Amino acid sequence: MADQLTVIVLAAGGGTRMKSKTMKVLHPIGGRSMIGHVLAAVSGVEPTRVCAVVGHQREQVAPHIHECMPEAVLAVQDEQLGTGHAVRVALDALDEQQVTPVGGTVLIAYGDTPLLEGRTLRWFAAEHEAAQAAVSILSGVVDQPKGYGRIVRDDEGDVLAIVEEKDATDEQRAIREINSGILAFDCDFLTDAIGRIGNDNAKGEYYLTDTVQLARAAGLTVTAFPVEDVWQTEGANDRAQLAALGRELNRRIVTRWMENGVTVMDPETTWIDADVVLAEDVTILPGTQLLGETIVGEDAVIGPDTTLDDCEVGVGARVVRTHGQMAVIGAGATVGPFSYLRPGTILGARGKIGAFVETKNAQIGDGAKVPHLSYVGDAEIGEGTNIGAGTIFANYDGVKKHRTKVGKHARTSSNNTFVAPVTIGDGAATGAGTVVRRDVPPGALAVSMGQQRNLPGWAQTKRAGTPQAAAAEAAESLPSESDD
């Protein structure tokens with residue numbers, strides 16, 4: 001490709017049909033914003049410089065673009081007067097920044113085409129340069145071209161014009177080859193032509209596509225290259241279209257992982273974000289969502305009915321019916337069912353977080369277990385320790401959060417409450433129902449309950465006339481074992 005490649009991404013439109021306070025190009029799909037996907041594709045062509053044109057809600061869009069691509073130059077289109085005007089604003093901004101010398105090829109992309117791929121842009125730019133064209137159009141052949149500009153060719157197949165639907169004749173509306181909006185230009189031609197575009201059309205806007213007539217009038221080459229995968233050029237103007245693109249993107253992501261050695265039991269109910277990383281021989285069961293930058297190690301089994309967001313799962317781990325966010329699950333560990341792993345949870349190798357357990361900011365050591373019905377917050381649990389069912393780590397005193405530390409190979413009983421800050425030493429134990437308010441030395445047994453007392457006849461006295469009292473009276477009338 002040419003030594004100089006400039007990419008201009010148009011992202012200034014309002015997107016009113018989204019009916020949202022969020023700018024259209026910022027709506028998420030597959031774990032990234034729509035424009036985030038486009039910028040990732042743009043990065044794939046290794047451009048010399050990139051300019052993004054912002055307008056509506058630029059206070060939202062501009063910081064996000066710089067987060068995705070810090071080197072991008074931003075151009076502000078205060079008044080949206082069409083694509084030709086937007087590109088003129090971009091070229092002016094690039095010249096003011098003096099980022100690189102002007103020349104080479106200029107690609108025009110749109111911020112709402114999230115299925116666009118870098119390899120397609122590379123192919124398109126290479127075809128444009130090989131044809132030595134002034135203007136090239138990335139086109140597509142579709143069954144339902146309504147709403148798109150049509151590619152008008154002569155009898156030899158050369159491109160004559162792009163005609164917008166509102167300006168097209170009935171014959172032109174029947175054309176099935178459509179303009180995706182993604183264009184390639186010789187930079188010198190574009191710099192000259194951009195100031196000569198008029199706005200004599202139905203919308204009174206400056207159409208970038210009018211450069212086709214200008215190039216033809218100058219005797220320059222205009223080409224169009226149909227892309228087989230038209231989905232890559234599809235935009236989203238409302239939430240229904242966004243959902244359709246999301247389903248297609250997810251289908252592609254899931255298929256790619258299956259082709260790379262991942263077992264997906266039910267692709268229809270499995271959602272995987274674009275930045276998720278899966279090893280070979282991972283198994284994903286139905287109803288699973290892997291979101292954000294989740295990483296899953298070899299031979300791990302995830303699901304069914306599990307959502308992991310920005311989590312790390314080790315080799316051979318098993319995660320069942322669990323919701324996890326920003327958690328680390330060690331190799332060979334087991335989680336679930338019905339577990340809730342909040343940020344800061346780290347479960348060691350071969351550890352266990354069992355049924356109806358919630359954890360937060362908790363480090364649980366190798367081989368340690370929290371099997372049932374517990375809340376573990378702001379805690380450190382040592383290697384090989386077992387936490388009894390129904391245990392609560394009482395980490396909040398009403399003002400501040402405090403930590404609890406349980407040592408290695410400790411054994412705590414059911415229905416314990418650890419009132420932080422407190423430390424339970426290595427090898428220590430606690431009795432059932434114990435409320436631990438003071439540190440427990442290593443090897444010690446902590447109990448907080450007094451000796452059990454039985455009050456005979458309590459039900460008959462305090463609950464007279466109730467089924468409880470009647471049952472007690474009937475039981476007392478039965479002969480005791482000592483009477484045999």
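Which elements do the buried residues of α3 pack against? They pack against β1 (5–11), β4 (49–54), β5 (73–76), β6 (105–110) and α6 (187–193), with contact meaning heavy atoms within 4.5 Å.

## Ground rules

This is a predicted model, where local features need pLDDT of at least 70, side-chain atom pairs count only at pLDDT 80 or more, and totals for chains, interfaces and linings use all residues. Residues are numbered from 1 along each chain as its sequence is written, and side-chain values use heavy atoms, with hydrogens and water left out.

## Helix α3

Helices here are DSSP runs of H or I with at least four residues, strands are runs of E with at least two, and both are numbered from the N terminus. Helix α3 covers residues 83–97, which is 15 residues. From first C-alpha to last it reaches 21 Å, close to the 21 Å expected at 1.5 Å a residue; that expected span is 1.5 Å times one less than the number of residues.

Its buried residues are G84, H85, A86, V87, V89, A90, L91, A93 and L94. Buried means under 20% relative accessible area, exposed means over 50%, and partly exposed is in between (1.4 Å probe, protein chains only).

## Aromatic pairs

Rings of Phe, Tyr and Trp (its six-membered ring) pair up if their centres lie within 6.5 Å; planes under 30 degrees apart are stacked, over 60 edge-to-face, and the rest tilted. By that rule there are four aromatic pairs. Take W123 and F225: the ring centres are 6.3 Å apart and the planes sit at 75°, so this pair is edge-to-face. W123 is in helix α4 (residues 118–130) and F225 in strand β11 (residues 222–226), so the pair ties together parts 102 residues apart in sequence. W123 is partly exposed at 33% relative accessibility, whereas F225 is buried at 13%.

Then there's F393 with F418, also edge-to-face because the centres are 5.0 Å apart and the planes at 80°. F393 belongs to strand β31 (residues 392–394) and F418 to strand β33 (residues 417–419), so this link spans 25 residues of sequence. Both are buried: F393 has a relative accessible area of 1%, and F418 has 0%. Back at W123, that residue forms one aromatic cluster with F124 and F225.

## Charges over rings

A charge sits over a ring if NZ of Lys or CZ of Arg is within 6 Å of the ring centre and within 35 degrees of the ring normal. R88 lies over the face of Y206, at 5.4 Å from the ring centre. K401 does likewise with Y396, at 5.7 Å from the ring centre.
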